[in-house]
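Visitor: Hi! I'd like a quick tour of this one. Can we start with the inside?

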Amino acid sequence: MDHQTLLLVLLFLGCLFSYTNGFQDGSSVAASPIASRSLEPARAAVLTACFEFLGALAGGSAVAGSIAAITTYTDQEGFLSVLVVALFCAIVWNFFTRLIKVPSSSTHALVGGLIGSIWGRSGNLDYINLGDFGYLVHPTGVAKVILTLFLSPLIGFVSGYLLLKLSLIVFRFASSRLTRALKRMQWLVLPLLAFGHGANDSQKVMGLLVLALVGQVGVIPLPVRLLVGAAMTLGVVAMAPGIVKRVGSGIYRQRPLHAFVSELASAVVVSFGSLTGGPVSASQVIASTVMGVGYADRRKGVQWLVARDMLMAWFLTIPCSALLAYLISFWTRPG
């Protein structure tokens, strides 16, 4: 396959991955307002899509730099092939998890695909920047990505738990008017979470595309932002009802207060990740926050079997996508 064709395939797969990312994580972003009947599904989808697109346009480039720092691959032609395989495997995993109605981490799938593809093509781990945890303060390379991905759900759970406990104290004498006010507040917290997710997740693909095109990640060109942002927005509009139901009401039956708290806590965690360059998984953070909210309100009401299935999917994503990418790269590598 010649260089130009490989570039076109890469751009297509980058957009397709962003589309699958949109229906995976976008469904989780809008799940709580829909499940609590704070917003109608159509309005929630449009509101989410608009602010996801704005997040992709104005979200900076800190996360893109973190993703690009995973690899030190220097062969430009070989790196294009590596990215093609990585994106293909991540896309396959996203469609598979949509089919079985389990919210999965698109970021995990992409990272796993990238590591497996590099390993399979080069035959070793020399081109993977494993980095270190930096005493949890200044992590680098793959260690930074893994640390962020696994710590952010824990932070989401604790944030949801504490914020709901605080809300129950503050609003213990509130009247039924509070419910109507909380429903209206979704017009503020849902855009905040959607913007944070659009800023964080779109940069992962942008960073790899820019790295493949120019060899380094600096300022992300506007055409790349527009292309990836539009693809993700289309994915959000094509929401996965099964994932919306699983996150919105399958973990815990949410009412307006729960939905408001889980959206707000998730927005803070995801937005902080975007600002600091931490590539978080929005679907993991949101689901964990809902678990924390449910545990704070009525722990017996949390569907732990559903939570177990999600946790299994999260832990399987990186090794499964990495294995698939390794096999494809190994079988197709030159020589």
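This is a predicted model: local features need pLDDT of at least 70, side-chain atom pairs count only at pLDDT 80 or more; totals for chains, interfaces and linings use all residues.

Visitor: How many cavities of 30 Å³ or more does the structure hold?

Guide: One. About 30 Å³ of space lies in the largest cavity.

Visitor: Which residues line the largest cavity?

Guide: Leu10, Leu83, Leu87, Val205, Leu208 and Leu209.

Visitor: And what classes do the residues of that lining divide into?

Guide: Six are nonpolar, with no polar and no charged residues.

Visitor: Which helices each supply at least two residues of the lining?

Guide: Helix 4, residues 76–99, and helix 7.

Visitor: New topic. At what angle do the axes of helix 5 and helix 7 cross?

Guide: Roughly 20°. That angle makes helix 5 roughly parallel to helix 7, because angles under 35 degrees count as roughly parallel. The two axes come within 10 Å. Helix 5 covers residues 106–122, and helix 7 covers residues 177–214.

Visitor: Is the crossing of helix 5 and helix 7 left-handed or right-handed?

Guide: The crossing is left-handed.

Visitor: Which residues meet there, in helix 5 and helix 7?

Guide: From helix 5, Thr107, Leu110 and Leu114. From helix 7, they meet Asp201, Lys204 and Leu208. By class, this contact has three nonpolar, one polar and two charged residues.

Terms used:
Residues are numbered from 1 along each chain as its sequence is written. Side-chain values use heavy atoms; hydrogens and water are left out. Axes are lines fitted to C-alpha atoms, for helices over the stretch in contact, and angles run from 0 to 180 degrees between N-to-C directions. Helices (H or I, at least four residues) and strands (E, at least two) are DSSP runs, numbered from the N terminus. Angles under 35 degrees count as roughly parallel, over 145 as roughly antiparallel, 65 to 115 as roughly perpendicular and the rest as oblique. A crossing is left-handed if the near helix is turned anticlockwise from the far one by less than a right angle, and right-handed if clockwise. Contact means heavy atoms within 4.5 Å. Ala, Val, Leu, Ile, Met, Phe, Trp, Tyr, Cys and Pro count as nonpolar, Asp, Glu, Lys and Arg as charged, and the others, Gly among them, as polar. On a 1 Å grid over the protein atoms alone, a cavity is a set of points where a 1.4 Å probe fits but cannot get out, and a pocket is an open set with protein on both sides within 12 Å along at least five of seven lines; lining residues have an atom within 4 Å of a point. Grid points are joined across faces, edges and corners, and a volume is the space filled by probe spheres set on the points.
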